[in-house]
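Walk through this model one contact at a time. Keep the sequence and the structure open side by side.

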There are 4 protein chains.
Amino acid sequence: MGMVGGGSDAFIGAIHRLAALMDNQIELVCGCFSVNPEVSLSSGQSYFLPENRIYNTYQEMFESEAQLPEGERMDFVTIVTPNFVHFDPAMMALNSGFHVVIDKPITFTLDEALQLQKKLEETGLTLALTHTYSGYPAVKDAKARVARGELGKIRRIYVEYPQGWLASKLEDTGNQQASWRTDPKRSGKAGCMGDIGTHAHHLAEYISGLKVTELCAELNVFVPGRLLDDDGAAFLRFDNGARGVLVATQVAAGEENALKIRMYGEKGGLEWSQMESNTLWLKWHDRPTEMVRVGTGQMGDIAQHNTRTPGGHPEGYLEAFANIYRNFSLTVRAKMNGEQPTEAMLDFPGIEDGIRGMQFIDTVVEAGYNDSVKWVKFVD
Amino acid sequence: MGMVGGGSDAFIGAIHRLAALMDNQIELVCGCFSVNPEVSLSSGQSYFLPENRIYNTYQEMFESEAQLPEGERMDFVTIVTPNFVHFDPAMMALNSGFHVVIDKPITFTLDEALQLQKKLEETGLTLALTHTYSGYPAVKDAKARVARGELGKIRRIYVEYPQGWLASKLEDTGNQQASWRTDPKRSGKAGCMGDIGTHAHHLAEYISGLKVTELCAELNVFVPGRLLDDDGAAFLRFDNGARGVLVATQVAAGEENALKIRMYGEKGGLEWSQMESNTLWLKWHDRPTEMVRVGTGQMGDIAQHNTRTPGGHPEGYLEAFANIYRNFSLTVRAKMNGEQPTEAMLDFPGIEDGIRGMQFIDTVVEAGYNDSVKWVKFVD
Amino acid sequence: MGMVGGGSDAFIGAIHRLAALMDNQIELVCGCFSVNPEVSLSSGQSYFLPENRIYNTYQEMFESEAQLPEGERMDFVTIVTPNFVHFDPAMMALNSGFHVVIDKPITFTLDEALQLQKKLEETGLTLALTHTYSGYPAVKDAKARVARGELGKIRRIYVEYPQGWLASKLEDTGNQQASWRTDPKRSGKAGCMGDIGTHAHHLAEYISGLKVTELCAELNVFVPGRLLDDDGAAFLRFDNGARGVLVATQVAAGEENALKIRMYGEKGGLEWSQMESNTLWLKWHDRPTEMVRVGTGQMGDIAQHNTRTPGGHPEGYLEAFANIYRNFSLTVRAKMNGEQPTEAMLDFPGIEDGIRGMQFIDTVVEAGYNDSVKWVKFVD
Amino acid sequence: MGMVGGGSDAFIGAIHRLAALMDNQIELVCGCFSVNPEVSLSSGQSYFLPENRIYNTYQEMFESEAQLPEGERMDFVTIVTPNFVHFDPAMMALNSGFHVVIDKPITFTLDEALQLQKKLEETGLTLALTHTYSGYPAVKDAKARVARGELGKIRRIYVEYPQGWLASKLEDTGNQQASWRTDPKRSGKAGCMGDIGTHAHHLAEYISGLKVTELCAELNVFVPGRLLDDDGAAFLRFDNGARGVLVATQVAAGEENALKIRMYGEKGGLEWSQMESNTLWLKWHDRPTEMVRVGTGQMGDIAQHNTRTPGGHPEGYLEAFANIYRNFSLTVRAKMNGEQPTEAMLDFPGIEDGIRGMQFIDTVVEAGYNDSVKWVKFVD
């Protein structure tokens, strides 16, 4: 694995490394860790890389690595830069023959995402998008149960993602995370909805197996002087007739990262909260609520494949993240070996999820500031 | 206290009696408990009433009671009939000089509610509306804290009321509760929104001290053949600029009565769940979440006034209900004695809350089925 | 119902009145509410009693009431005085032909409890002991499930009752509750173990249907200057071979009234917490934990008989208390009518439970301060 | 890092690898993964090791590695074999100049642990004992708060560790984990108490900073035919006068891994549950309970040092495990560099904790089956 971004001063890069390395299936072999060459160098050294594999630019990295013999050069690259530096390195990586792992939202614009899709089709390479929350075993078990029809036809979906860290103007204090996320030039046309609303939207579609066809939204800017939405809500209409409510906010003072989804069908419902990620609640119209737990025999094969510890030994965010890397690397390895990846291996977000996310951003922004049009068709 | 409705075959009547009698301040002295005179008689007897105070019609009751000497006749009447039999007995009670306790929604139409308001002004009598959830001590403490500015200016309100009991077509099985609530002739123009959406709306306004000025809504009928909404959601705009999301459903299979409210201001948030009613969560932007508990010294005077047991001895729905009766009866008694009721005594829902509720129903129904108009002004 | 104790300055008397009156089956007709005649008079007046039914002494009350015609005189008396004033009024009440409701511990000494038992047998009268926690519907459902063998043979019982209100020397501040409970002359030989340890012991035997045969204990006095135990723990051995751990403390600073019981058999376990009293958790060796809820169809007949509201409308401490009064009054009424009370009616704690409680106190005190004897047989 | 045990058929070895590799500070360079050379070889290959670093015996590994040049040879060895194969490889590793990471209980007998202590003193090498639960950031914050006196003098400690996986005779089904743990020849003189009671004991001493001086215990064998305790409980007396109750069981059918500790001082209490590991509850005698959360600014420096993600991104068991490896490796590296490790680096369990654990086992077993001696001094 090579890395673009993720210097020692970055947050999400460290998460990616932890997630990638945990399972002893992936090795960090090179990187361009910062636009600042000194930071890149010192970062790479602290990751125990030889100096000749620490690059000043990603262009240089792709060129150099491509010339290394197979088995020595990196197999794939992870791109962990802010949104506006996603497309160029991703496209160049694909053009250089490298598989790609990339953070969401996949690109700055929908058009860029569509270009990546085309390139992936041309090259046959693989792309993983780190919609982390779909990496949780309980989420995968929820998806499997809905698909099996345990809840009956889905009618109602509530998905919410309240955070509180932007309740005050944190971007004015030098906080790097807040700074780029609230800046339209680096984040894109959406703030809160791009950052976390996309996660909520993805989770709803992932578990339900349904697609949003139109939505009604209101986006808000609560903190004075901010240029992008820091809050919003949407009504969702799904392709089977189900209805959804999506809530995302970054000004819910006192909330951490409280992503939660509930889904109700004709026979029962389910509930999952990211902050208590090892429990899947099953609610039934005609019998007691069940508490289904990760790591026990109560979950199915796919969940089990994505679990590392026995019941009662909590797994968390990093393991969910690692599941994306593990399944991606198993898929890449299978393809390299000329084998067909299994369904379990292929269960990680990819280019289609990235495009859906960009479409969601376009749609929710179009709907969210328009007081006279109620329903906006999901951009296709 | 006299009673209209509440025969031994009714649910909510029993609740009203429990709530009224618990504190040994109110005595059941007469009633017309059913449209069926036999049921009325046998019910009254089972409540230990003498036969001459068990009436066949409420008209008869008001006439007879009005002729009894003061001190012997009932002081007030409780009306616990389905929605469409609210207005007539309430108006006649007021015309006969009796105070009134009535269930929500207050009347069948907004116009009727306005007529009651006028009559109350003319007569100086008192009306209590049993929006039960505002009777909980933790809710009252939440209101007091918001009013004191502990959370800062309120920005965001989420209120949700999921139930699951109407996930199947219960009204076809002979269930009386389901039957009238899903019947437009007895329930009014709204189903779920009238039955429980009004509670959610009331709770949001009660705690926040704010008023909804306009809303955007979607109402749904999920169970085939049903004539009224069994589900819905609304975006709310409040008079201080705050934004709200209100969710109410009766088809969330597996949910009981999961009313919950969250409210976030500039400095912090609060959360209260009816099913864990003795805890008020306070969330802070800059320090740990606090778990404030009913019955301890952690809540203020108004909450304490509405609490009967020390911390850790859970109070519940019946005690919340009883708080409305107790404050109503303290107010009526103070007025009878020519005294000014205290703020704590006056803290029960009344005609204004009833009118807001009817306005909410009118507005949410107007907005909820209209795909082309996004925002509807709150009916005034 | 008549009352001994429970003046307007007392805590538990108010609870008893709430619990007794709630169901409109019991009327307060007389009382001697305080050793102070003025307090007794003013209390009785505030409860709307005529002056001739407000007595200065309980002796006077029993004599006067016994001379009133049947139908007018009280049917039973409730004794809500501190422990050292339990036996005399109870015995006199029985001698005067009145049924008795009494708070736990039933008497000051085991011998007194045995005398009451003998008197009850002689007179055929009925006595209810307000071990409140066995009045909760979820507790009754737990008992029924264990009896049906759902958990298999019981092996392990953990029961704990942590409170924190005596973590500091509250009795020195004039607090009446703390004052008599920490005074051996008024409370008896045990402090914490008599006050709340007895509740824990009762709950364990009630739900399991087992009896403690011997125990090993340690009692502690943590607050300097206190004369009775304010903390303790015991290992319990039950008559089927099951083992238990009982914990009771009043110095767990920050705890309210956190009574909790867990019980494990060969096939599964159960858990119930008083502060979340409407949920019974069922844990299974081979399938997901179930959350069984009061007021839904998920509980059995006995639980349903002791429930007043539908699922999701929380009932609490007062309703549990009221269940004891209701079942007691149904039993008394059935007996008066020459009918056999049903099993559900008879399900309230009585003299045998009172005797077990006194035996528990004797045994745990004997064991609790003895560092050289490990196991002490349960006093019989 | 080299490894003894941990073949691809073992559970805890995989956990150790995940924990060690996650932070990109430790590399697996060699191992003897099984007593079965074929399993060792195939395991090592699956971990991407060259064949010449995969050994058939640990003796061979220590000899060969010791001859490799510094920088190439392993720096330390991890021993993840069953209890009875702890001492020999550990002693040989130390004699060969390698630092050691080892699972608990540290050895088969107390005497062996004392020999290791002597050897460590002689060699100046470092040993880490994977008492995982002390690796959780919330546990470290709890320890810091107690040390700062936030709770006042500690009076009461409750620590409990219920599991249910051995509620039936799992060892008869071929389950490897159950098999060695219930076998005195491989597990030692204690079953449940050695396996999980030691964790509970360690956690109590770690957080409180206190030492057990004597205990009273009862050990039980519930599943017929089992040779070692599968359940037990102990009263603990601590060196400051505090009292404790320790509960450990493996027959609590339906429980997963529910380690939980509560501790009460004169001013307040704390509570931590392993299965909700990111929350530390602080309970106060005079103000609301606080929910202190990992990853927020609410915890101190030591907790922060042991945290990888921001608040609301749950960390779990593997991260707690990794904290032991990280602090151990930071300590070893500092020592190698001639630097003094910081307090935060040194905060991992070592030989003293191992000895305390063996003493606990000896004491609790001596006490646990003796019905005539109540208190047994902690073996020193």
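A polar contact is a pair of N or O atoms within 3.5 Å; within protein, one atom must be able to donate a hydrogen and the other to accept it, and residues adjacent in sequence count only if both atoms are side-chain atoms. The model is predicted. With that definition, turn to the contact between chain B and chain C. Ten residue pairs are in polar contact there, with both residues at pLDDT 80 or more. Helix H1 (12-21) and helix H11 (317-336) of chain B are the elements that give two or more residues to the side of chain B that touches chain C. By class, that side of chain B holds 15 nonpolar, twelve polar and seven charged residues.

Now take the extent of this contact. Chain B puts in 34 residues, and chain C puts in 34 residues. The area buried between chain B and chain C is about 2700 Å². Carbon and sulfur atoms give 61% of that area. Three residues of chain B stand out: Asn24(B), Glu256(B) and Pro314(B). They supply 21% of the area that chain B buries against chain C, more than any other three residues.

Charged pairs come next. The rule finds two salt bridges across the interface of chain B and chain C. Look at Arg293(B) and Glu256(C): their side chains meet in a salt bridge, 2.9 Å from N to O.

How many residues does the contact take from chain B and from chain A? The contact takes 51 residues from chain B and 51 residues from chain A. Chain B and chain A bury about 3700 Å² between them. Of this area, 48% is on carbon and sulfur atoms.

Across the interface of chain B and chain A, the rule finds twelve salt bridges. Arg237(A) and Glu218(B) give a salt bridge between their side chains, 2.8 Å from N to O. The polar contacts between chain B and chain A come to 28 residue pairs, both residues at pLDDT 80 or more. Strands supply residues here. Strands S6 (154-162), S7 (212-220), S8 (231-238), S9 (243-249), S10 (260-265), S11 (268-273) and S12 (279-284) of chain B each supply at least two residues of the side that touches chain A. The largest share of that side, six residues, comes from S8(B). By class, the side of chain B that touches chain A has 21 nonpolar, 14 polar and 16 charged residues.

Next, go to chain C and find Arg262(C). Arg262(C) sits in strand S10 (residues 260-265) of chain C. Is Arg262(C) buried or exposed? Arg262(C) has a relative accessible area of 5%, so this residue is buried. The cut-off for buried is under 20%. The side chain of Arg262(C) makes a polar contact with the side chain of Glu160(D), at 2.8 Å. Setting aside neighbours within four places in sequence, Arg262(C) has contacts that include Arg156(C), Tyr158(C), Glu160(C) and Glu271(C) in chain C. From chain D, Arg262(C) is in contact with Glu160(D) and Pro162(D).

Stay in chain C for helix H4 (residues 87-95). Phe87(C), Pro89(C), Ala90(C), Met91(C), Ala93(C) and Leu94(C) are buried in this helix. The buried residues of H4(C) pack against helix H3 (58-67), strand S3 (76-79), strand S4 (99-102) and helix H5 (110-123) of chain C. In general, an α-helix has 3.6 residues a turn, so residues three or four places apart point the same way. After H4(C) comes Gly97(C), with a positive phi near 90 degrees.

Glu51(A) lies in the loop between helix H2 (37-46) and helix H3 (58-67) of chain A. Glu51(A) counts as exposed because its relative accessibility is 52%, and the cut-off for exposed is over 50%. Not counting residues up to four places away in sequence, Glu51(A) touches Leu41(A) and Gln45(A). The side chains of Glu51(A) and Gln45(A) make a polar contact at 3.1 Å. Glu51(A) and Leu41(A) are ten residues apart in sequence, with their C-alpha atoms 7.4 Å apart in space.

Finish with the record for chain A. In an unreviewed entry, UniProt lists "domain: Gfo/Idh/MocA-like oxidoreductase N-terminal" for residues 60-130 of chain A. Over residues 60-130, chain A is 44% helix and 15% strand. The UniProt annotation "domain: GFO/IDH/MocA-like oxidoreductase", also from an unreviewed entry, covers residues 140-271 of chain A. Over residues 140-271, chain A is 27% helix and 33% strand.

How values were computed
Residues are numbered from 1 along each chain as its sequence is written. Chains are lettered from A and ligands numbered from 1 in the order in which they are written. This is a predicted model: local features need pLDDT of at least 70, side-chain atom pairs count only at pLDDT 80 or more; totals for chains, interfaces and linings use all residues. Side-chain values use heavy atoms; hydrogens and water are left out. Contact means heavy atoms within 4.5 Å. Buried area is the accessible area (1.4 Å probe) that two parts lose on being put together, summed over both. A salt bridge is a side-chain nitrogen of Lys or Arg within 4 Å of a carboxyl oxygen of Asp or Glu. Helices (H or I, at least four residues) and strands (E, at least two) are DSSP runs, numbered from the N terminus. Ala, Val, Leu, Ile, Met, Phe, Trp, Tyr, Cys and Pro count as nonpolar, Asp, Glu, Lys and Arg as charged, and the others, Gly among them, as polar. Buried means under 20% relative accessible area, exposed over 50%, partly exposed in between (1.4 Å probe, protein chains only). UniProt positions are given in the numbering used here, feature names are shortened, and annotations may be inferred rather than shown by experiment.
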